[in-house]
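Let's take a friendly walk through this model together. Have the viewer open, and we will go from the surface to the core and then to the charged pairs.

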Amino acid sequence: MRLPRTGRGRPLELVAAARYLGYGPGHVGEMLDDHRRMTRRARAVTERLFYGYAS
């Protein structure tokens, strides 16, 4: 099953999520970059606190 897409090829769900989170039209890529940055930080914190890995 394929998700409906916008004219730029982005799934409509990503566009809707970006708008809901306060990103302006055409800023889905910025939202994805922010999400990836936050998840990398969260992973580093989890590894440091739970597994004792140094960052």
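## An exposed tyrosine and its patch

Tyr51 has a relative accessibility of 56%, so this residue counts as exposed (over 50% is exposed, under 20% is buried and partly exposed lies in between, with a 1.4 Å probe and protein chains only). Tyr51 sits in helix α2; helices (H or I, at least four residues) and strands (E, at least two) are DSSP runs, numbered from the N terminus.

Together with Val45, Leu49, Phe50 and Tyr53, Tyr51 makes a nonpolar surface patch of about 610 Å². Such patches take residues with over 30% relative accessible area and no salt bridge, joining nonpolar side chains (Val, Leu, Ile, Met, Phe, Trp, Tyr) within 5 Å and like charges within 9 Å.

## How to read the model

This is a predicted model, in which local features need pLDDT of at least 70 and side-chain atom pairs count only at pLDDT 80 or more, while totals for chains, interfaces and linings use all residues. Residues are numbered from 1 along each chain as its sequence is written, and side-chain values use heavy atoms, leaving out hydrogens and water.

## The chain overall

The protein chain has two helices and zero strands. Of its 55 residues, 13% are buried. The chain exposes about 4800 Å², with 56% of that supplied by carbon and sulfur atoms; accessible areas come from the Shrake-Rupley method with a 1.4 Å probe, and for residues only the protein chains shown count as cover.

## The nonpolar core

Ala18, Tyr23, Val28, Met31 and Leu32 form the largest nonpolar core, meaning a set of buried Ala, Val, Leu, Ile, Met, Phe, Trp, Tyr and Cys residues joined through side-chain atoms within 4.5 Å. Helix α2 (residues 28-51) gives the most to this core, with three residues. Beyond its neighbours within four places in sequence, Val28 is in contact (heavy atoms within 4.5 Å) with Arg10, Leu14, Val15 and Ala18.

Asp33 pairs with Arg36, their closest N and O atoms being 3.7 Å apart. Because they are three residues apart in helix α2, Asp33 and Arg36 are separated by about one helical turn.

Arg37 bridges to Asp34 at 2.3 Å between the closest N and O atoms. Asp34 is buried at 17% relative accessibility, whereas Arg37 is partly exposed at 37%. Glu47 and Arg43 meet at 2.9 Å, N to O.

Note on methods
A salt bridge is a side-chain nitrogen of Lys or Arg within 4 Å of a carboxyl oxygen of Asp or Glu.
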